[in-house]
Amino acid sequence: MKVLVVDDSRAMRAYVRGVLKDAGPWTVVEASSGFEALRLLPREAFDLVITDINMPDINGLELVRFIRRSERQGRVPLLIVSTLSSERDRARVLELGADAFLAKPFEPEDLRGAVAGLVPSVSAKDARGDE
Amino acid sequence: MSDKLAAPPSIGPLTRETLPPPQGRQADDRQGFLCFTIGDEEYGVDLNMVRQIVKPPPVAWVPRTPSHILGVISIRGAVVTLLDLGLILGHGPCAWPRTARVLIVDMWEEQVGVLVDAVTQVRRLDPSALEAGAALSGCARSENVRYVARPGGGALFTIVDLDAILGERLK
Amino acid sequence: MSKRGKQAGGKVVEEFLSEAQEIVEGLGRNMLAIDKSSSDDPDPELVNELFRGVHTLKGLSGMFGVEPLSRLAHHEENMLDDLRLGRRRAGPEVLDLLFMSVEVMTGILAAVRDGDDPQDPLLAEVERLVRAFEGGGEAAADAGEGAKRAGCQPADIFGPEVLEVLTEYEEHRLRTNLKNGLPLYRVRARFDLAAIDTELDAVKNRLKPVAEIITYLPSTAGTDMDKLELDIIVALEAAADDLAAALEGVDASVEWIRTEGKESAAGPSVVPSAATKSEEGPSRADVSVAPQAALVRAGAGDGGRALSLRSVSQTVRVDIRKLDRLMNVVGELAIVRGAIARMSEELKVALGRRELAIELHRINRGFDRRLSELREGILEVRMVPLSQMFDRLARLTRKISRDLGKEISLIVSGAETEVDKLIIEELSDPLMHVIRNAIDHGIEDVEHRRAAGKPDTGTVALTAFQKGNHAVIEVEDDGAGIDGQRLLEAAMRRGVVDAEQAAVMSERDILNLVFLPGVSTVALATEMSGRGVGMDVVKTNIGALGGVVEVQSEVGIGTKLTITLPVTLAIIPALLVTVAERIYAIPLNTVTEALLVSPADARPIMGVETMTLRGRTLPLLRLDRFFGAPREGALPQGSCVVVASLGQRRLGLVVDGLVEQQDVVIKSMGPSLSSATCFSGATDIGDQRLALVLDTSKVIEEFFSAEGGAAPRAAGAE
């Protein structure tokens, strides 16, 4: 299982990585910007993309639309992890096709729950409890 | 009402490195004292001398030094000598209660740490509340005492002259 | 730190702290840039940069449970949001508040790092002020409404294609530019995905002087995996020709976007010659206080370049402890080298294998050279530019000059000069004090300056450069200079100098009195710098780093302080040992070997405990007894003997155990411990703990001078 974590904060990426490590057999690939994500997306098949909205250059909205329109990765589950500062941006990113929105700050359980909700195979694993 | 009643033993805001600067140059000639306890006695020192108040960090004992020198501690990367003020003032050695704090004070040539049992409050006193320490002369430890303070009606406490006591001990 | 922060694990928390620190420093830099531009209408990109920084900080500190920081960042974010969305103006009081909050944030982070409660007394005050600002954004509605009333709306120009991916802020910038009647252009360029960061930076740098970038739209049309087509929507602030000129040589097409009522504007005729892509943008004039700093820290936010971690693509971040570990390995290799040298000696002498010994010796020399290279290489990696600290000093200068009501221009140069990271940490307090002094005592107030025919604005120059193995930092002001006579009087009052001495003192000697305890504070005392800490402390701190301070001054002209520092710290390899459950460090240069001994090895000769080592008698000194905490009886089982030598003398130091070998930085102890001569200082061994560093030569000297007397005693001191 491979997940792409897009966030310009390296501490955030490290945090998400840490939480996912305990949540299942995830291979975490990090991108520190929208561009890096665009660079990685066509090259690898991801089972999940987690992205922030407020990033320099290409913002999360653009990234979501780009992904939804791309042929190869168009259906990948998209989880938005962002602060709740703009209601408008939040509504819009969901309109653009993001699957779920998780507001920062969140507890590890919240993230694990959101991921389990989006990626069924992991939720099945979770139901059996930790190995 | 007034500061007669206001004396909660809150040390919260003082545990950080910077103390509030002495309140500018208002038309207030009250002097600030940082109050603390050793054993069951309350003492005060000139607030201007105190640079920092910290929880006691680990102490490295320095062999072959007098017993009131507890050792050295690391304060923001610098090596600082730690003294047991209680021992110097004639109490027993510090029992390291949970409330114990280290006051980092400016001496002539260096900063030193002074271990006390607890920091209680900052008091601003009118000069008229201070009685010269000479009133206690004859008492064994009078050379350490600069003033005895009688904050309006409250219990009195001793204002110690750290410059004098430590200056003597640090030579 | 909260449960969440703790759960995250130490490594992640460290990431958090270092990133948060970087953000806060970036905020400071951006504020300085805004402050420099001294306009109520600062560059929107700078403000957005600030907003983004605070926003990230809020999110991060929330995630990591640093509640005071996230609360402060939250209120400040609202305030900055008002600023960037044009709902409020950036007056000086707003800037002051922002500067103050940077200090508070730095304090909070330091507290968290030290494991303290982040309780800055200023915090409540700053928070109160920020909240007060938050409430009253009346200008707000005004600007917002104004924009809405203006004829042209984004929806009139763009289809959902563009509109749906604009963030609230981008939409706001679009409206503002439309309102101001600026023409919009679409710059379409293709980038190599592998190099998009640098290529795009180049394009951005060319665009910024002439246009405001509103958004980047990745086009999904391309099927090429390695290329990305990007539409950059810009609002042109200059003439259309300038845009063409700016994009000269860039492989991009430019298209004018028709906006209502603006038909007469330049048509879509701006098509720069499509040549090969240029890597370099035109170098922009830096408006920052630290131009060099900006150059070194690629992408650091000066005049408006994006503060981005990505652009520092040629660098890696390394935890300094990893370097310490590497350094330890080097130390261990040095021991191996020593062992090989001994073996080759033995081969030659004992076994008569001369040729083999020579060969081994030659190999060992080569090994030695490589080892030195490795050591130097690691030391080099520890070097960091002074720029970060200089940025902080620039902020401080601003604050002090405001507090004192003096106009100060700080000229910084040489911020790219590198010194060891540890030196930087220890240097920043003394330097702050020096700068404070320069502004407070050096620079006169306006009336005096005018009377002396000087410009109203005082100048403080902060200059750094490397000179051989040393870094030189100069702080020079064009203030009143130091009055030698007053200084001398103060010194005499203090009793540091008597009349006789005073009579024969040179001008230079007199100026140097400023570094004596109590003199500077008496002679120069004021509110700011006079509180106890004088120049003597500066000198002591710099001395502890192995540096020296010198002062030059001329009355009426100014003062120059020159600090000369070693580029790398005095780091010595040492052996950490335990004695009576405490850890001490023994410098390795005096240690020849360390071995385990059993109680039976020790036998007294004339009252001195000794053992036999390779046929020679080795006197033993039990360190616990030497330290005055003796334990009775024979050597405890498991004791170790560290063999130390000074010239021809050898002494076996008995310790309870060996911990490890480590490179340590020796820090001196205060004058109050000058009687503890057997220790050359203390060193940090992590977790705020200190270990004393044994001055082995003093111990050996003391041992043999006591032992050389008529009645040798077992342990020198007791």
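The model is predicted. Chain A and chain C bury about 4,000 Å² between them. In chain C, α4(C) and α5(C) are roughly antiparallel, whereas α16(C) and α17(C) are roughly parallel.

**Helix pair α4 and α5 of chain C**

- Helix α4 of chain C spans residues 67–84 and helix α5 of chain C spans residues 92–113; their axes come within 11 Å and cross at roughly 155°.
- Angles over 145 degrees count as roughly antiparallel, and α4(C) and α5(C) are therefore assigned to that class.
- The crossing of these two helices, α4(C) and α5(C), is left-handed.
- On the α4(C) side the contact residues are Pro68(C), Leu69(C), Leu72(C), Ala73(C), Glu76(C), Met79(C), Leu80(C) and Leu83(C).
- They meet residues of α5(C), among them Val94(C), Leu97(C), Ser101(C), Met105(C) and Ile108(C).
- By class, the contact of α4(C) with α5(C) comprises 14 nonpolar residues, one polar and one charged.

**Helix pair α16 and α17 of chain C**

- Helix α16 (residues 387–404) and helix α17 (residues 421–442) of chain C pack at an angle of about 30°, and their axes are 10 Å apart.
- This angle makes α16(C) roughly parallel to α17(C).
- The crossing of α16(C) and α17(C) is right-handed.
- Residues of α16(C) in the contact include Met389(C), Phe390(C), Arg392(C), Leu396(C) and Ile400(C), and those of α17(C) include Ile424(C), Leu431(C), Arg436(C) and Asp440(C).
- The contact of α16(C) with α17(C) divides into 12 nonpolar, two polar and three charged residues.

**Interface of chain A and chain C**

- In this interface, 37 residues of chain A are in contact with 51 residues of chain C.
- Of the area buried between chain A and chain C, 55% is on carbon and sulfur atoms.
- Seven salt bridges are found across the interface of chain A and chain C.
- Arg92(A) forms a salt bridge with Glu171(C), with the closest N and O atoms 4.0 Å apart.

**Backbone features in chains A and B**

- Most residues other than glycine have a negative phi, and most peptide bonds are trans.
- The peptide bond joining Lys104(A) and Pro105(A) is cis, with omega about -5°.
- Pro105(A) is located in the loop between β5 (100–103) and α5 (108–118) of chain A.
- Arg64(B), although not a glycine, has a positive phi of about 60°.
- The loop that holds Arg64(B) runs between β3 (50–54) and β4 (69–75) of chain B.

Key. Residues are numbered from 1 along each chain as its sequence is written. Chains are lettered from A and ligands numbered from 1 in the order in which they are written. This is a predicted model: local features need pLDDT of at least 70, side-chain atom pairs count only at pLDDT 80 or more; totals for chains, interfaces and linings use all residues. Side-chain values use heavy atoms; hydrogens and water are left out. Axes are lines fitted to C-alpha atoms, for helices over the stretch in contact, and angles run from 0 to 180 degrees between N-to-C directions. Helices (H or I, at least four residues) and strands (E, at least two) are DSSP runs, numbered from the N terminus. Angles under 35 degrees count as roughly parallel, over 145 as roughly antiparallel, 65 to 115 as roughly perpendicular and the rest as oblique. A crossing is left-handed if the near helix is turned anticlockwise from the far one by less than a right angle, and right-handed if clockwise. Contact means heavy atoms within 4.5 Å. Ala, Val, Leu, Ile, Met, Phe, Trp, Tyr, Cys and Pro count as nonpolar, Asp, Glu, Lys and Arg as charged, and the others, Gly among them, as polar. Buried area is the accessible area (1.4 Å probe) that two parts lose on being put together, summed over both. A salt bridge is a side-chain nitrogen of Lys or Arg within 4 Å of a carboxyl oxygen of Asp or Glu.
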